[in-house]
Amino acid sequence: MPKMNLSHFEAAFLFSLFASVVLGIVTKKTDRDRLYYGAYCFGCFIVSLFAIGWVMKLGHG
Amino acid sequence: MATKEIIPDKPQMAPINVWAAPVLIGWIVPGGGHFFLKRPGRGALLLISITLMFSLGLMMRGMMFTPQSGDLLTTVINYGGFIGDLASGALYLMATMFGYSQPDMAGAVHDYGTKFLVTAGLLNILAMVDAYEIAAERKD
C-alpha cells in the first residue's frame, strides 16, 4: 500500500469534495437540487476552511 | 367556529422484506443498495466517493478503532470510531482481514487518515438510509 502525505489543505479539500458529493446525493430529490446542494456544501466547507485557518493564524500571533 | 387541524399521520415503517436487501447490500458495498434499486448513477457516485475516501484514509496510515472500554470518553471514542469503521462494510472487513489495520501513530497525516476512515463509514450510513427511503418509496 503506497503511503500518501497530503498537506492540511489537500486533505481538507478532498474530505470536503467526497462529503459534499454524498450529502448532495442523499439529501435532495431531484438531480438539479442534488447538484446545487452538493456545490453549496462544498463551498461552505471551503469558506469554513479558509476562515478557521485565518482564525488559527491570527489567534496564534 | 373552530376548525379541526388535520395532522398528517406519521409514515408507517415499510415491511422489512422491502428494504432489508438494499440496506444490507448498501452496507457491504457502498452504493450497492442504489445499484440494486436500479439507480446506477447515484450508486456509482456513492461507490467512488466512499471508496476513495476509505482508500485515502488507508494510504495516510489512519488508525482503525477497536472496541475498548475505560473511562467514559475512551469508551465513547473507541466504540463510536469502531462503529464508524465497521459501517464501511466490505472495505473495512477486507482491510482488517488483509492486515491493513494500523496502530495509532502521532502525526497530522495519520490523524487525517483516521478521520477519513471513520467518515467513509458515516457517509455509507447516509447512503444506506437513502437506499431505505428509495426502497420504502418515500423518495424517487
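**Close-up 1. H3(B) and H6(B) cross in a left-handed manner.** A crossing is left-handed if the near helix is turned anticlockwise from the far one by less than a right angle, and right-handed if clockwise. This is a predicted model: local features need pLDDT of at least 70, side-chain atom pairs count only at pLDDT 80 or more, and totals for chains, interfaces and linings use all residues. Residues are numbered from 1 along each chain as its sequence is written, chains are lettered from A and ligands numbered from 1 in the order in which they are written, and side-chain values use heavy atoms, with hydrogens and water left out. Helices are DSSP runs (H or I, at least four residues), numbered from the N terminus. The axes of H3(B) and H6(B) come within 7 Å and cross at roughly 160°. H3(B) is therefore roughly antiparallel to H6(B) (angles over 145 degrees; under 35 is roughly parallel, 65 to 115 roughly perpendicular, the rest oblique). Axes are lines fitted to C-alpha atoms, for helices over the stretch in contact, with angles from 0 to 180 degrees between N-to-C directions. H3(B) residues in the contact include B:Arg42, B:Ile50 and B:Phe54. Among their H6(B) partners are B:Phe116, B:Leu123 and B:Asp130. Contact means heavy atoms within 4.5 Å. This contact holds 12 nonpolar, 4 polar and 2 charged residues (nonpolar: Ala, Val, Leu, Ile, Met, Phe, Trp, Tyr, Cys and Pro; charged: Asp, Glu, Lys and Arg; polar: the others, Gly among them).

**Close-up 2. Helix H1 (residues 8–27) of chain A meets helix H3 (residues 40–59) of chain B.** Their axes come within 10 Å and cross at roughly 150°. H1(A) is therefore roughly antiparallel to H3(B). The crossing is left-handed. Chain A contributes residues including A:Phe15, A:Phe18 and A:Val22. Chain B contributes, among them, B:Leu46, B:Ile50 and B:Met53. The contact residues divide into 14 nonpolar, 1 polar and 1 charged.

**Close-up 3. The largest nonpolar core has 25 residues.** A nonpolar core is a set of buried Ala, Val, Leu, Ile, Met, Phe, Trp, Tyr and Cys residues joined through side-chain atoms within 4.5 Å. Buried means under 20% relative accessible area, exposed over 50%, partly exposed in between (1.4 Å probe, protein chains only). B:Ile50, B:Phe54 and B:Met64 have the most contacts inside this core. Two or more residues each come from H1 of chain A and from H3, helix H5 (90–97) and helix H6 (108–135) of chain B. H3(B) gives the largest share, 7 residues. Leaving aside neighbours within four places in sequence, B:Ile50 contacts residues including A:Val22, B:Pro30 and B:Leu91. A second, separate core of 10 residues includes B:Val23, B:Met128, B:Tyr132 and B:Ile134.

**Close-up 4. A:Phe15 sits in helix H1 of chain A.** A:Phe15 is partly exposed, at 23% relative accessibility. Not counting residues up to four places away in sequence, A:Phe15 touches A:Phe45, B:Met53, B:Lys115, B:Phe116 and B:Thr119. A:Phe15 and A:Phe45 are 30 residues apart in sequence, and 9.1 Å apart C-alpha to C-alpha.

**Close-up 5. B:Lys38 and B:Arg61 have a positive phi.** B:Lys38 is not a glycine, yet its phi is about 65°. B:Lys38 lies in the loop between helix H2 (32–36) and H3 of chain B. B:Lys38 is exposed, with a relative accessible area of 70%. B:Arg61 is not a glycine, yet its phi is about 60°. B:Arg61 is in the loop between H3 and helix H4 (72–86) of chain B. B:Arg61 counts as buried, at 17% relative accessibility.
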